[in-house]
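Have the viewer open while you read.

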Amino acid sequence: MQTPPRLDLSGITKRFPGVLANDQVSFAVQPGEIHALLGENGAGKSTLVKMIYGIMQPDAGVIRWNGAPITIANPKAARKLGIGMVFQHFSLFEAMTVLENIALGMDAKIPARDLEAKIVAVMQQYGLKLEPHRIVSTLSVGERQRIEIVRALLLNPNLLIMDEPTSVLTPQEVEQLFVVLRQLAAEGCSILYISHKLHEIKALCDTATILRGGKLVDTCDPAVETSRSMAEKMIGGSLKDIQRGEGRALGKPKLIVQGLSVPKDGPFGVALKDIGFSVKAGEIFGIAGVAGNGQNALLLALSGEVAAQNAEAIYVDTTCVGALSAKQRRLAGMASVPEERNGHAAVPDFSLSDNAILTARDRMGMVSGGMVNARTAKTYAGEVITAFSVKATGPAAMADSLSGGNLQKFIMGREIMQKPQVLVVSQPTWGVDAGAAAAIHQALVDLAATGSAIVVISQDLDELLSLCDTLAVINEGRLSNPMPVAGANIEEIGLLMGGIHGETQTPELSHAS
Amino acid sequence: MSPEFAIASIVTIIGLTTPILLAGLGELITEKSGVLNLGVEGMMLMGAICGFAATAATFNPWLGVIGAAAGGALSSMLFAVLVLQLNSNQVATGLALSIFGTGLSSLIGQSFTGRIVPQFGSIFPDILAKDPIWKLLFGYSPLVYFALIMVPLTAWFLKSTRAGLILRAVGENDHSAHSIGYSVIGVRYAAIAFGGALAGIGGAYFSMVITPMWAEKMTAGRGWIALALVVFAGWRTGRLLVGAYFFGFLMWLELFAKANGFGDSLPILQEIPSQFWAAMPYVMTIVALTLISSRGNVGASAPACLGKPFLPST
């Protein structure tokens, strides 16, 4: 090729105390190429792009831009070169307007009116819809991502870095995003696309670079590879499928929810409206939906942190638990795992054994006569660590000393080993690496096989489709009719997830806040 | 109520208001950047003694004001290094600054006790400044006008300038501001220094305008009222001005009740202990907070990162 690559990394190394985050990573991105950066959590993708975007400096190695070696001192220098970045966690300012948010991302001082005109022009060029004067906190996740994209596009980027852009989007929003990205690439902009969703990479990317444990494993053509072969390169071993027992029969309904309504808590909360579903013994029931549609409220209502308005709304077997507290519901056989690991499911500054006491004290006999039996707790925590292969120094390890995946395995294990009749989990594999995710999925399937009813609330549709027997979609606090996963229509699920947040929404309606 | 009394009351209220208005504006900027500095009382006292000392040394009250601003800003830098560089707890460090500033100002002030320094002359011609009626508009210390000019300037800075936008962004979401490439720590240093300087000038109002003398703890807890004022104002500049005068009025009521001013004409009001009026600014702050949260008013809520240390993810 005559022209030098747009971006050429050679021998990039970055060391943190105790960890080698990137070890001699070398690859190149050509002009107009959509280049995937693949790897598990902790593989070093984020560190690598932070160095390309100037947030961190490499300890060793050379970055070449259009053939010339350069040092990218800070994000401002990166933007000056024409490097734009769309972060996984949006760097948005909730209480400010779309326009102010975009202005903050611009280095040139542009008067607000000129900036607005530019924004409108970019949005028209790429078919992005956004109202400049709305406050960000009133926008959907997809709209927020559009702010980031517009912000990056206003710089006329030569290289756009997208960090896991689709993890929070509906399938339709993903399609729209891909149209924009393909248009950009056709105009000559290179795109570095970070993801672990392999079918997206096959659909979108020209080249894929795979990282594992900070090292470059392979640079390959995703069109030639299969999803499975790329996944195995990512985890460095063969992928385990979920093992389901043969001839599983579902029992009688274990968890019955009917007419569950909860008013919203605070200005940004979501009210639950007349939720109803039932989960049979041995069934895994999935609840899909875009973030912020009532998933949190639903988990709190099911776990007992928020009591139902109507005590009859929730039954476990024949016991009415709607008015019971979380502790009483646990005694009735209903356990739950919230989305947030640190600070909600576990106390970060407590040892694993103390964290075990928090939810397992009654069911596992850790408390008698008001006194904590520390030995029982320690034994139980040790059993969980062994059974779920949690990487920890032992029951005395502090919860926040564990990696996200290991803490999640411990928390899931803590609940599952209590053999609950009903288990409600939210985002069981959020931010967890593929190996730990597979272990968690298998543990859920095994629990269901013993006759428990399981509810999985997740934004990851792929996870729900591979794990669940039945699926329903939550949108704006309402739950759709359940549908069997076998033969589910992705298109229809996507439309349900979009709800009125989708593109059919009229601009007038969206001003209502 | 005689016209003389009404004029005297208004002059008193303006005098009571100016220090908390200045300190409140400074704290507003500090808090908008996401830093809660509870050391306002200490910074005001440091400003009061440094302003007094600078005036005593130079016989020039204008240089005294610069000394006051420097004294307040320098003491705020102590806080800034602790919370920004060493990530110490902002609440504890701010309280420590209040105690430290009270003590240090007393120590520095020992050699100044009993001395008298030259005061500001009026900036308007005497025919206006000394006129029994026109002095209502023209008869104040330059610091009063300075405080009033700072209100629209602060509002304009926050709303319309790029620097103000960045300051608000840092207070709203420090990690995002950092990832875009703004210096969170740098912005916060500047905001804390500005807050310290204005608190210092506010404190100097006591030692250079109200009385041209130094006395220990002469700010008498007004730093805490300035803190309450920022909350009462819902972190908005315009409301801060209204709130400052409202609080000034409440403080005037306290003095008035203490002086038995309601006396025979309003015996019912005289029955109320003066401490009731002294407590009112805090009570009103709680009422305002309750109203803000019950209405779910986004614009009137605290900056999202207020009080949280910024730990960049390396």
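**Helix H1 of chain A.** I began with helix H1 (residues 45-52) of chain A, where 8 of the 8 residues are buried, so the rest of the structure largely encloses it. For "buried" I used 20 or more other C-beta atoms within 10 Å of the residue's own, with 12 or fewer for exposed and partly exposed in between; C-beta atoms are placed from the backbone. Helices (H or I, at least four residues) and strands (E, at least two) are DSSP runs, numbered from the N terminus. Among the buried residues of H1(A) I noted Lys45(A), Lys50(A) and Ile52(A). Gly54(A) follows H1(A) and has a positive phi, near 85 degrees.

**Ground rules.** I kept in mind that this is a predicted model: local features need pLDDT of at least 70, side-chain atom pairs count only at pLDDT 80 or more, and totals for chains, interfaces and linings use all residues. Residues are numbered from 1 along each chain as its sequence is written, while chains are lettered from A and ligands numbered from 1 in the order in which they are written.

**Core.** Which residues touch the most other members of the largest nonpolar core? I found Ile161(A), Ile191(A), Tyr193(A), Ile454(A), Val455(A) and Leu229(B), out of 224 residues in that core. Such a core is a set of buried Ala, Val, Leu, Ile, Met, Phe, Trp, Tyr and Cys residues joined through C-beta atoms within 7 Å. Helix H10 (residues 184-210) of chain B gives the most to this core, with 15 residues. Domain 1 (7-235) and domain 2 (281-308 + 325-510) of chain A both give residues to this core, so it lies between them. These bounds come from an automatic or database domain assignment. Leaving aside neighbours within four places in sequence, the contacts of Ile161(A) include Val49(A) and Ile52(A), both of which I had met in H1(A). Contact here means C-beta atoms, placed from the backbone, within 7 Å.

**Domains of chain A.** I looked up the C-alpha centres of domain 1 and domain 2 of chain A, and they lie 31 Å apart. The contact takes 13 residues from domain 1 of chain A and 15 residues from domain 2 of chain A.

**Sheet.** In chain A, 4 strands form an open sheet in the order S12-S11-S14-S15, with antiparallel pairing. Strands S12 (272-280) and S15 (319-320) of chain A are at the edges with a single partner strand each, so one side of each has no neighbour in the sheet. Strands count as paired if DSSP finds at least two bridges between them. S11 (residues 253-262) of chain A pairs with S12(A) over 6 bridges, and Pro253(A) has Lys280(A) as its bridge partner.

Where does Gln24(A) lie? Gln24(A) is in strand S2 (residues 19-29) of chain A, and its phi is positive, about 50 degrees, although it is not a glycine. Gln24(A) counts as partly exposed because it has 14 C-beta neighbours inside 10 Å. Asp317(A), also not a glycine, has a positive phi of about 55 degrees. Asp317(A) sits in the loop between S14 and S15 of chain A, and is partly exposed with 17 other C-beta atoms within 10 Å.

**Chain B against chain A.** Last, I checked the interface: 15 residues of chain B are in contact with 21 residues of chain A. Helix H8 (162-172) of chain B gives the most to the side of chain B that touches chain A, with 6 residues.

How values were computed:
Contact = placed C-beta atoms within 7 Å.
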